[in-house]
Amino acid sequence: MADSIDFFMKPRFLILRPNLSSSRPSFSLPIIGTRRERHRGFSLSCPVMDAKKAGGPGSSVEGEGRDGVFSLTPSTKSDVDYLGESTKGDLNVQREHLQAYVEIGALGGPIEEIAMKEAKEAETLLHNLGIADALAVRQSPRGIFCSRTLNLRSIGAIGYDMDYTLVHYNVMAWEGRAYDYGMANLKSMGFPVDNLQFDPDLVIRGLVIDRENGNLVKADRFGYIKRAMHGTKMLSTQAVSEIYGRELVDLRKESRWVFLNTLFSVSEAVMFMQLVDKLDQGEVPAELGPLDYKGLYKAVEKALFRAHVEGQLKSEIMAEPERFVEPDPELPLALLDQKEAGKRLLLITNSDYHYTNKMMHHAFNKFLPNDMVWRDLFDMVIVSARKPEFFQMSNPLYEVVTDDGLMRPCFKASSGGLYSGGSAQMVEKSLDLQGDEILYVGDHIFTDVSQSKVHLRWRTALICRELEDEFDAIIKSRGHKSALIKLIQQKEIVGDLFDQLRLALQRRQHFRPAQSLEATNMDDSELTESMQKLLIVMQRLDKKIAPMLEADGELFNKRWGYLSRAGLWDKSHLTRQIEKYADIYTSRVSNFLYYTPFMYFRSQEQTLAHDPHSYTIADI
């Protein structure tokens, strides 16, 4: 057996142990070995793979080396069967070793029996190793959630955005200062802003600004508006119905609707809604001209644009990054896993070189092993990328050649380079990869995720930090939701009886028999009294249910409820965008550390209204 299987584990320290029983995972990392070894869990050693890295025997892409058990084949050249659910990928058993297994009968017998036995043993071994299985991780705030099946083995390169993706900012600090600079600019323009303060809870990602009416709205997946705010005041259900009863949110009408794609939108939305109040109250000076809500929004846009262009905000952040950046020690380790698994890592950001270098140095270098620096992680770095144009068209490419940011024109990108501008097509040509061989990870649903998907068919991942808070809120509100659903179900049963009695009464009035003999034989007084009692019960239930529905999701946000839902049952417009454009989504990039770089992410079953049963992993 030892001659047949020389694939083995080399334990170097105890395994990374995510504690998924609590809402915030913790880790146990014994201090053993070198600094680099302490950051790595265990390695899987395979002679063919080791030889390939060293350039020795077995280093060909096809993995023809006879001294190893495994062959290496690019996933793009592998067979794929039964709708993509194939196990075949970049790591395959050499034919002679596969035959040896067959000859000794090690895996003989019905595959159903073998699979059940091996699955139980694998589950036990994962537990003994202290590694959480993928299902347990998914059912935690740090899970990676899948909209469209994604096989990481088929990914040759992973591109990352920087702001709110690789570098996460404290929203109160970053957006608060953006708000301050924007308001200062508005004040210099003559707007009355002295008594206004930044309120990040006023808005959430995924809302839509209605520039015509001065409203902020939350729509469901179909575009129907479920909640709305005018200025800083929430509108009643009746008012929402009167204003938007015949309208749907259509994001293609950019002159009217503005979707809050990212956390960078928070300061803009807060400023606009507060100024709507000022305009309604007649406090905006007449000398600013006749302003409507659209004109007011343009003023806010201009003020924030000045705040970013003038550079004061970024200069302040660069001077004290510790005030604004939330550290994530696990993040560099997740990227190291991907790089060592053969993924070519890219940094593609709209931020300029100086800002990018400062932020990445602060966020990465102190957590990297040995003498590594952040640049060592990436095969290519592109700053000032000008997304979404980067994914849509070709722009001039410049190479950054000095630490001061001096650039020169460049016509071809190469591995290890630092560039400014360019295009996604240039990246594909340089890497000799295209389409679904590249995964791009970002926080902006349009600029990062939608455009790379629509124009290039890249695979996509959305980073949404708020998922962690929403997950916690969902867990904490389970009791509330259970009680609410129970009341709704009771109302449905009572209501069904009321409707049946009402139909029986209607048929009686037209001298026709009721639905059943028993209903036909009920006398008029009994029928009327039963209906009266049921109607009173339903009306009382309505009074109980209504405030509970309003309160659903308030643990996440008191005004808007959950990020991902619009109402008790339906998905929000944001969730619809995520499902349409993001193959996977998660709260932070370091969540990849809970999985392997070879993970096969499978989307969950999409339930059908007419399907009487839902299948889950637990069922199987």
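Asp-432 sits in the loop that links helix H15 (424-431) to strand S18 (438-442). This is a predicted model, and in it Asp-432 has a positive phi of about 60 degrees although it is not a glycine. With a relative accessible area of 67%, Asp-432 is exposed, because exposed means over 50%.

Ser-384 also has a positive phi without being a glycine. Its place is the loop between S14 and H14. The two residues are set out here:

| Residue | Phi | Relative accessibility |
|---|---|---|
| Ser-384 | near 45 degrees | 25%, partly exposed |
| Asp-432 | about 60 degrees | 67%, exposed |

The loop between strand S14 (380-383) and helix H14 (389-392) holds Pro-388 as well. If you follow the backbone there, look at the step from Lys-387 to Pro-388: this peptide bond is cis, with omega near 10 degrees.

Now to strand S15 (residues 397-400), where you will find Tyr-398. Its relative accessibility is 34%, so Tyr-398 counts as partly exposed. Pro-409 is 11 residues away along the chain, yet the C-alpha atoms of Tyr-398 and Pro-409 are separated by 4.4 Å. Leaving aside residues up to four places away in sequence, Tyr-398 touches Met-407, Arg-408, Pro-409 and Cys-410, along with Leu-418, Tyr-419 and Ser-420.

The last stop is Ser-147, in the loop between strand S5 (144-146) and strand S6 (150-151). A polar atom of the Ser-147 side chain lies 3.3 Å from the backbone oxygen of Ala-582. Beyond four places in sequence, the residues that Ser-147 touches include Ile-578, Glu-579, Ala-582, Asp-583, Tyr-585 and Ser-603.

Terms used
Residues are numbered from 1 along each chain as its sequence is written. This is a predicted model: local features need pLDDT of at least 70, side-chain atom pairs count only at pLDDT 80 or more; totals for chains, interfaces and linings use all residues. Side-chain values use heavy atoms; hydrogens and water are left out. Helices (H or I, at least four residues) and strands (E, at least two) are DSSP runs, numbered from the N terminus. Buried means under 20% relative accessible area, exposed over 50%, partly exposed in between (1.4 Å probe, protein chains only). Contact means heavy atoms within 4.5 Å. A polar contact is a pair of N or O atoms within 3.5 Å; within protein, one must be able to donate a hydrogen and the other to accept it, and residues adjacent in sequence count only if both atoms are side-chain atoms.
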